[in-house]
Amino acid sequence: MTKITGHRGARNLWAENSLTGFAEVVTLGVDAVEFDVHLTDAGELVVIHDATLERTTHGSGEVRALSPEARAATRLKDSTDVIPTLDEVLAVLAPADGIDLHVEIKLDAQHRPYPGIAEAVADRLRAHGLEQRAFLTSFDLGILSDCRLHAPKVRRLVSADADWVGRQGGLEGFAAAVSDLAEIVALRHDVLAANWDEVCRLWPRERLCAWTVNDAETMQAWLDRGVGHLTTDAPDFALALRKGVPA
């Protein structure tokens, strides 16, 4: 049966990457919750998607420049929540037994890895007793290699779109590059659909993830195909559709 992952919590339902969204999404019956982590220059691990503040908050500038005080005062758009720390998010999600965490490690505004972020994230997962429920995820193979080094007990997920696959020389090159780095291979849904037969030759479908799928027709197509994982901004809708798909 296809596992349903709430993307950035469930951003069609609540403010993305918000504590409110994380607290609510686990009540829906999702199989996993996905969220994004940056590292500030002050040493805080913070949960937000973009490397800059303008799109999702009432702040401005780069995430990495936030002081702890400024972070705690920066309110999310369409919410009374502020930018949460990784520890705050893990504390909300830890009691939700059986729900996996897809923890995406992001790059800074110059598309560079934050020094030491993989080790820091792995440390917090251990501290909250969540190593067995987590996947560390990234588009960046260097980050995934760091995750393997610093958190060998934590599973990994690699994400890719058409441009990323193309830069690896196509699917065969991509497969070779990630062969020992990740348990889940997450491809943007249009790339996965266009290359379904070849992708299924390279990986079993239970290891495949289609992202980010939000319309009913496309959701139903992936559920019918039996893809291993489906990431969506509307997990409530995906879960309702899944009830009509045989396990």
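**Pockets and buried residues**

Analyst: Happy to. In this predicted model, β4 (100–105) and α6 (162–167) each supply at least two residues of the lining of the largest pocket. The largest share, three residues, comes from α6.

User: Thanks! What volume does the largest pocket have, and which residues lie nearest its centre?

Analyst: Its volume is about 400 Å³. Of the 19 lining residues, Glu104, Lys106, Leu107, His111 and Phe139 lie nearest the centre. By class, the lining has eight charged, seven nonpolar and four polar residues.

User: And the second largest pocket, what is its volume?

Analyst: About 260 Å³. It is lined by 18 residues, and the closest to its centre are His7, Glu34, Glu104, Trp211 and Thr212. At least two lining residues come from each of β2 (32–39), β4, β6 and β8 (208–211).

User: New topic: is Ser159 buried or exposed?

Analyst: Ser159, which is found in strand β6 (residues 155–160), counts as buried because its relative accessibility is 7%, and the cut-off for buried is under 20%.

User: What does Ser159 touch?

Analyst: Leaving out residues up to four places away in sequence, Ser159 touches Ser138, Phe139, Ala186 and Trp211.

User: Last one: which residues of helix α11 are buried?

Analyst: In α11 (residues 235–242), those are Pro235, Ala238, Leu239, Leu241 and Arg242. They sit on the same side of α11, because they cover an arc of only 160 degrees around the axis.

User: Nice. What covers them?

Analyst: The cover for the buried residues of α11 includes β1 (3–6), α1 (19–25), α10 (216–225) and β9 (229–232).

Notes
Residues are numbered from 1 along each chain as its sequence is written. This is a predicted model: local features need pLDDT of at least 70, side-chain atom pairs count only at pLDDT 80 or more; totals for chains, interfaces and linings use all residues. Side-chain values use heavy atoms; hydrogens and water are left out. Buried means under 20% relative accessible area, exposed over 50%, partly exposed in between (1.4 Å probe, protein chains only). Helices (H or I, at least four residues) and strands (E, at least two) are DSSP runs, numbered from the N terminus. The arc is that of the directions from the helix axis to the C-beta atoms. Contact means heavy atoms within 4.5 Å. On a 1 Å grid over the protein atoms alone, a cavity is a set of points where a 1.4 Å probe fits but cannot get out, and a pocket is an open set with protein on both sides within 12 Å along at least five of seven lines; lining residues have an atom within 4 Å of a point. Grid points are joined across faces, edges and corners, and a volume is the space filled by probe spheres set on the points. Ala, Val, Leu, Ile, Met, Phe, Trp, Tyr, Cys and Pro count as nonpolar, Asp, Glu, Lys and Arg as charged, and the others, Gly among them, as polar.
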